[in-house]
Amino acid sequence: MVGRMKQSMKGSLHIRNGRIVDPSRERDGVGDLLILDGVIQPDGTAVPAGVETLDAGGYVVVPGLIDMHVHLRDPGGRGKESIASGTAAAANGGFTSVVCMPNTNPVADNGGILAYIQRESAKSGVVRVFPTGAMTVGLQGEQMTQIGELKGEGAVALTDDGRCIQNNELMRRVVQYAKHFGLPVLDHCEDYDLAAKGVVNEGYWSTVLGLPGISPMAEDLIVARDILFAKQCDWDVHIQHISTAGAVEMVRQARKAGIRITAEATPHHIALRDEDIRDYDSNFKMNPPLRTDADRQAVIDGIADGTITILATDHAPHAKHEKQVEFGCAPFGILGLETAVPVYFDLLYKSGRMPLSAVVKALTQAPAELLRLEVGTLQAGRPGDVTILDLEREVEIDPEASLSKSRNTPFGGWRLQGDAVATIVGGDLVMNRMAGDRFLAPGS
Amino acid sequence: MVEAEADQIERVKWTRPHLLGLEELSAQEIMTILQTARSFKGVLGREIKKVPALRGRTVVNFFMEPSTRTRTSFELAAKRLSADVMSISGSASSIVKGETLRDTAQNIEALQVDMLVIRHSEAGAPHFLAKFLNASIINAGDGSHEHPTQGLLDLYTIWEKRGSLDGLHVAILGDILFSRVARSDIWGLKKLGAKVTVCGPPTLIPPGIERLGVEVTHELGDIVPHADVINLLRIQHERQKAILFPSVGEYARFFGLTSERLKDAKKDVIIMHPGPVNRGVELASELADGPNSVILDQVTNGLAVRMAVMFLLNRARMGGEDELD
């Protein structure tokens, strides 16, 4: 079930006997968690009469997960997704907060569009929506947006995601100016000349498939540039959907040198490789493209050693008819919200690669700190956002059961271990399949 | 023709509904096509050049990219097999009106078409159609991916001249990066036991090509003296290629095949070209017309190979067993 459920006291819930893993307080142990009026209460607070109890025995209770890279397509793309459907998919996948990208139509490059997103989210959002604003007007890479105004309407960061500012001087000035307003800069790193008209990673598989390649250097070059700007401006520049071994290594060295650079990974870049683009299936087409197995391993290594601190999805819905075209003509991007938890927890935690708390941190505390959000922690006084995980549950991914309006996932049929079984936003249960509904069960 | 050697690779029953590329074919399947093509080449030598194998069948040539040679060859091959054939070209089709390839193809198929020959600028377009159409799909060239019938006619031409491809050294010269012919040739030649070297400026050699089992060189002098076959690819200096090499003049000087360079070659070296030839660029004019050139044989063989492909696909579709010869 997804959506507001009947609760005896709105915004209040007593979660009992779960294994509470809260990296922000370095906590890992069985206990109870009380949320009253949407706010997390200190341990030992008396439970008022009438507060509903949720038995989380055998489950893992973590701060509500945050996906800091989501395309809600609203306004302008409601055929693919809307704030209502995208946030329902988020709840279904265990996310209590999504950070939405500004490449809507019209572009979120002014206060009016951000105000619309805020209003629509308050009305139809199932989970919290934090909007970002564009860095340049119309994502054209030519003129800086009114960053102060965007901040005033609630932008939590600036990004031209999907596009990349090619003018290095403009980018440098955006970072410098954004610092004054305290907004981190998120960059989609792609040099257009090097990427040319590429649609897959440049290498053996682009050669065999006869598809134009995108050199990994198209990403590396911009990551190198961004590191220079982060250093000079001493400000937060964040590398979105990092995908190459070269970029991971540069970020590693820059972080060692104390430069304010962060990076996020996506589920597909740690689960899939260019060689998986079988039979020209456009559900394997995204930007940056699936890279080689060495790149995939480098991204996983980067997550494990703390170079890449954030796990996001780049949830990018596209309608069936848009994807059912020649590979080269299909739009870039795939769904992510409902498959991220199984992919991440199976590949990073169940595989023995990382401790549980580290995976949870990259989905909660780390994005919250970068974006200065109050959520991402179970500290008393903070919003009552909680995700409950069943790390033993086997799931088989069924694209047709998605709550997104789109179906563009390459993970259909994958069997993975670990799933979100309940999503709680501000003390309200918005998704619950603890009783054992199948993964991705359709909403009520 | 040394038939004993030619038939060393056993023929198999052809079961595929489509011909999308040579990558997925076995050596046996390739030889089955070549041997079938040999029978059709015999038909082409007769006074009446027509057989009834595809009588009542409908073949559509769906060419979304300009082509004269390949389209004509397919059209004539279908006619020689007594099929009803029509051609649709990119500019005349509804694609320009914004209809998707899927819709256009399904509309064509709704007219009860049995076979769709497709040429498309996007790699994988024939594979995409094969997922939802019932008609047999023949890839007549998809982007920089494959051009299987060109690969087959190249193989046939070498086989016809030499009796076997096993152990022959084949040089492929020119724009390997964008060439679907190069890829189909490489798959086919390697499967039939040939040694392959690709040669061209470093900027026209795609990454990872060695993993296909070919050698790479950028010096014509390294390969010309050792080659049994030299296959030249058409050089186009346009669009994005302006940043890959400076001019056709410089190309001709360093990477073109000239009479001077051919002096070091084996006397009986076979010179091939898929056409149309840029005389004086990748290939000197006198060599194109010289005794080593088999360029026009390739064109004739293309007809026989395409008849063989259509015949085999149709037979697999009908589940028939009738042998041609």
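In chain A, 41 residues of domain 1 are in contact with 52 residues of domain 2, contact being heavy atoms within 4.5 Å. The model is predicted, so local features need pLDDT of at least 70 and side-chain atom pairs pLDDT 80 or more, while totals for chains, interfaces and linings use all residues. Residues are numbered from 1 along each chain as its sequence is written, chains are lettered from A and ligands numbered from 1 in written order, and side-chain values use heavy atoms, without hydrogens or water.

Start with chain A. Domain 1 of chain A takes in 13–61 + 384–440, and domain 2 of chain A runs over 64–371; such bounds come from an automatic or database assignment. The two centres, taken over C-alpha atoms, are 25 Å apart. Domain 1 and domain 2 of chain A bury about 3500 Å² between them, with 63% on carbon and sulfur atoms. Buried area is the accessible area (1.4 Å probe) lost when two parts are put together, summed over both.

Domain 1 and domain 2 of chain A share 3 salt bridges (a side-chain nitrogen of Lys or Arg within 4 Å of a carboxyl oxygen of Asp or Glu). Lys320(A) pairs with Glu400(A) in a salt bridge, and their closest N and O atoms are 3.6 Å apart. Which elements of domain 1 of chain A give two or more residues to the side that touches domain 2? They are β1 (13–22), β16 (386–396), β17 (415–425) and β18 (428–432) of chain A. The largest share, 9 residues, comes from β17(A). By class, this side of domain 1 of chain A has 21 nonpolar, 11 polar and 9 charged residues.

A polar contact is a pair of N or O atoms within 3.5 Å; within protein one must be able to donate a hydrogen and the other to accept it, and sequence-adjacent residues count only if both atoms are side-chain atoms. Helices (H or I, at least four residues) and strands (E, at least two) are DSSP runs, numbered from the N terminus.

Now look at the backbone of chain A. The peptide bond from Asn105(A) to Pro106(A) is cis, with omega near 5°. Pro106(A) sits in the loop between β7 (95–100) and α2 (111–124) of chain A. Another cis bond joins Asn287(A) to Pro288(A), with omega near 0°. The loop that holds Pro288(A) lies between α9 (267–271) and α10 (293–304) of chain A.

Positive phi values turn up too. Asn17(A) is not a glycine, yet its phi is about 65°. Asn17(A) belongs to strand β1 of chain A. Is Asn17(A) buried or partly exposed? Asn17(A) counts as partly exposed because its relative accessibility is 38%. Arg73(A) has a phi near 60°, again positive in a residue other than glycine. Arg73(A) is placed in the loop between β6 (65–70) and α1 (83–93) of chain A. At 12% relative accessibility, Arg73(A) counts as buried. Buried means under 20% relative accessible area, exposed over 50%, and partly exposed in between (1.4 Å probe, protein chains only).

Turn to chain B. Domain 1 of chain B covers 3–146 + 300–318, and domain 2 of chain B covers 148–298. Their C-alpha centres are separated by 25 Å. Contact links 37 residues of domain 1 of chain B with 28 residues of domain 2 of chain B. The two domains of chain B bury about 2600 Å² between them, 62% of it on carbon and sulfur atoms. They share 2 salt bridges. Glu65(B) bridges to Arg180(B), with the closest N and O atoms 2.9 Å apart.

Gln298(B) lies in helix α12 of chain B. The residue is buried, with a relative accessible area of 2%. The side chain of Gln298(B) reaches the backbone nitrogen of His273(B) at 2.9 Å. Beyond neighbours within four places in sequence, the contacts of Gln298(B) include Gln150(B), Leu153(B) and Met272(B).

Finally, the chains meet. 23 residues of chain B are in contact with 18 residues of chain A. Chain B and chain A bury about 1700 Å², and carbon and sulfur atoms give 59% of this area. How many salt bridges does the rule find across the interface of chain B and chain A? The count is 0. There are 6 residue pairs in polar contact across the interface of chain B and chain A, both residues at pLDDT 80 or more. On the side of chain B that touches chain A, the elements giving two or more residues are α4 (101–109), α5 (125–130) and α7 (180–191) of chain B. The largest share, 3 residues, comes from α5(B).

Key
Nonpolar A, V, L, I, M, F, W, Y, C, P; charged D, E, K, R; others polar.
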